[in-house]
Amino acid sequence: MNLNRRDLGLLVLRVGTGAVLAAHGTQKLFGWFGGGGIEGTSHAMEAMGFSPPRESAIAAGLGEAGGGALLALGLATPAAGAAAAGAMAGAVSVHAPAGFFAQGGGFEYPAFLGFTAAAIGIAGAGRYSLDHATGHVLDRPWVVATAFLGSALAAAAVVGRRAVAQSDDDTDNDTADGEDL
């Protein structure tokens, strides 16, 4: 077997990115690695303005854990990359007010994970993957288009609903403080 550097590089990138995403997702879903589990994540999601909080926690956890695991395996890579990128879009929306750099609480890290997951989903898993072993049945052009369109629409709806809720909360707080609208 002749090793292909490009496919080997995709393998390393997939496994590394997928493992990081899967670990973050299992914190949300199961409380592993010091995470809050579904209950803790639900409370955090509510505090961050996501509604409904439990469903948001489950979706974020599945997008990260499921998308990450599938990326690492190189299985259904377009759907995995799209799911992980969509979950990271929600995280970016939370961190965006703090600016770009992670050092100040910004969105640098979730943006990097999201862009990396999206790039892998678009590029494909490479030769050293379950997609390749299964004849790419879950890695077709229509799957790429459908997965990324669906993920983009879902992320836009969730982030948009959060923005509206935060705007409503800000208006309610201004009114409660006696400010004129």
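F100, F101 and F107 form one aromatic cluster in this predicted model, where local features need pLDDT of at least 70, side-chain atom pairs count only at pLDDT 80 or more, and totals for chains, interfaces and linings use all residues. Residues are numbered from 1 along each chain as its sequence is written, and side-chain values use heavy atoms, with hydrogens and water left out. Rings of Phe, Tyr and Trp (its six-membered ring) pair if their centres lie within 6.5 Å, with planes under 30 degrees apart counted as stacked, over 60 as edge-to-face and the rest as tilted. By this rule the count comes to 3 aromatic pairs. The rings of F100 and F101 have centres 4.9 Å apart and planes at 80°, so this pair is edge-to-face. F100 also pairs edge-to-face with F107, at 5.3 Å centre to centre and with 85° between the planes.

As for accessibility (buried means under 20% relative accessible area, exposed over 50%, partly exposed in between, with a 1.4 Å probe and protein chains only), F101 is exposed at 55%, whereas F100 is partly exposed at 41% and F107 is partly exposed at 25%.

Helices here are DSSP runs (H or I, at least four residues), numbered from the N terminus. Helix 5 covers 108-123, and its buried residues include P110, L113, T116 and I120. The expected span of a helix is 1.5 Å times one less than its number of residues, so the 16 residues of helix 5 should span 22 Å, which agrees with the 22 Å between its end C-alpha atoms. Just after helix 5, G124 takes a positive phi of about 100°.

Helix 5 also takes part in the lining of the largest pocket, to which helices 1, 2, 3, 4, 5 and 7 each supply at least two residues. On a 1 Å grid over the protein atoms alone, a pocket is an open set of points where a 1.4 Å probe fits, with protein on both sides within 12 Å along at least five of seven lines, and lining residues have an atom within 4 Å of a point. The volume, which is the space filled by probe spheres set on the points, is about 630 Å³ for the largest pocket. Its lining consists of 32 residues, of which M45, A60, A87, G90 and A91 lie nearest the centre, and helix 4 gives the most, with 9 residues. The lining residues divide into 20 nonpolar, 8 polar and 4 charged, where Gly counts as polar.
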